[in-house]
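Me: Got a model here I'd like to talk through. Can you start with the ligand and work outwards?

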Amino acid sequence: MKNTVVIGAQWGDEGKAKITDLLAEKADMIIRYQGGCNAGHTVVHNGETYKLHIVPSGILYDNKICFIANGTVILPEVFEQETKELKERGVDLSKLKISPLATITMPYHTEVDGWAEDTVKKGKIGSTRKGIGPTYTDKIARCALKVGDLFDEETLLEKIDIILPLKNKILKQVYGLKEYSKDEILELCKKYKAIFEPYICENWQDLLRENKKKNILFEGAQGVMLDVDFGTYPFVTSSNPISGGACTGSGYGPAMIDEVIGVSKAYVTRVGEGPFVTELNDEIGDKIREIGHEFGTTTGRPRRCGWFDAVIAKYAVLVGGLTSMALTKIDVFDDFDEIKICTAYKDTKNGKIYNNYPTDVFIHDRLEPIYETHKGWKQSLSDVKRYQDLPKEAKDYLKRLEEIFEIPISIISVGPDREQTILMKNF
Ligand code: GDP
Ligand code: IMO
Ligand code: MG
């Protein structure tokens, strides 16, 4: 297997975890390199469903190193709950490791996130309320606590002395939120140390060195359109889900990466606020949501649904650095007479046609999708295992998408289970 990055090519929830779990069979190490507990990654294995937020989706195999790397932010309570549940279900966590450089989400981060969600009206993000934005803000502002800090008392005390007065001032004066005493923070840190102790990987440099010649799978969270640099800013997350994030977030350089697989659904979904040109607020959108079970893994919110958007797909191929695409959930269209693909946007104000993705998202509410229509296949694809066994209409639809992407479709997913997959090449 080549070293491969799996990233979302849309607004998240494309089925990255299914693809990661599938490819993990041939990998030696699986790395989660950005994002945090905002992610909700579903793996269906042997008829059992696992919902992961921060633990890499390779964890269901024995003998794979699963590394939560420096670029992630971790909410200790969610990590604790997730590992507890996995252990109770008999999953072996002895190869799960956390970088000391991963950043800790503190209670004040989730409180500030919640405050923003409850208070801001215009320009509200619709975040997952997991403290992601405030934690990454502190990381970049150089006032965050890292997992490694918990393991050296002197460092911890020194860092708290630097961070806490500043944090308390902001918490009180800007947000009107509760201040924290040094004892409270120390007490929390003691608890967090116990949570992370079995997994902390002090010798992460050796880990990266030893695995340099082995097979590495990088598991992205969120998706290109939620990228803080390239997504629908400001309606994005606070990390880099593009493939470049795999390098800054893991400690491996770009020369280590051989392949980048973008994961796209056969349609588009989005949770939270922000522009979505192909959104369907009608019975077709409802039908997609119902058949595709489009409800958030992390928050349970109904996902907004719409037709496949080739404008963002081409953009994701470019800025995501994709070398091939995995197309998921085509089975959701089994009962559709017609399937649409948006090939361009039209500005209703001046008639301008956009073939490229317009990065000024404040004009998106006046953009209208231009569609081409494809005939549905009207039969179940759930059991199809080989490309040649797909109906002609499905093949035509996939060929058209490939033509648009200008990169091959390497994986076709026809159901949630690991087995419900058509591989277009050997991995
Ligand atoms: P992720 O965040 O990208 O890993 O995706 P999620 O796990 O949040 O959401 C994808 C959902 O679609 C999960 O419930 C998967 O089990 C499911 N899924 C993945 N691939 C397919 C597929 O090809 N067909 C169907 N019907 N469901 C799928
Ligand atoms: P996975 O990895 C879908 C969205 C939120 C919100 C925006 C910012 O499962 O694909 P945040 O809490 O990150 O500050 O919220 O990003 N969002 C996701 N949407 N899938 C995800 O992860 C997401 N993680 C964050 O809904 O719009
Ligand atoms: Mg998800």
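Reply: A polar backbone atom of glycine 415 sits 3.1 Å from an oxygen atom of ligand 1, a polar contact, meaning a pair of N or O atoms within 3.5 Å. This is a predicted model, where local features need pLDDT of at least 70, side-chain atom pairs count only at pLDDT 80 or more, and totals for chains, interfaces and linings use all residues. Residues are numbered from 1 along each chain as written, chains are lettered from A and ligands numbered from 1 in the order written, and side-chain values use heavy atoms, without hydrogens and water.

Me: How much of ligand 1 does the protein bury?

Reply: 91% of the 580 Å² that ligand 1 exposes when taken alone, with areas from the Shrake-Rupley method and a 1.4 Å probe.

Me: And which polar side-chain atoms lie by an oxygen atom of ligand 1?

Reply: Serine 413 has one at 2.5 Å, and threonine 42 has one at 2.7 Å.

Me: New topic: is glycine 131 buried or exposed?

Reply: Buried, at a relative accessible area of 0%; buried means under 20%, exposed over 50%, partly exposed in between, using a 1.4 Å probe and protein chains only.

Me: What is glycine 131 in contact with?

Reply: Leaving aside neighbours within four places in sequence, Thr105, His109, Thr110 and Asp113, where contact means heavy atoms within 4.5 Å. Histidine 109 is 22 residues away in sequence, yet its C-alpha is 4.7 Å from that of glycine 131.

Methods: A polar contact is a pair of N or O atoms within 3.5 Å; within protein, one must be able to donate a hydrogen and the other to accept it, and residues adjacent in sequence count only if both atoms are side-chain atoms.
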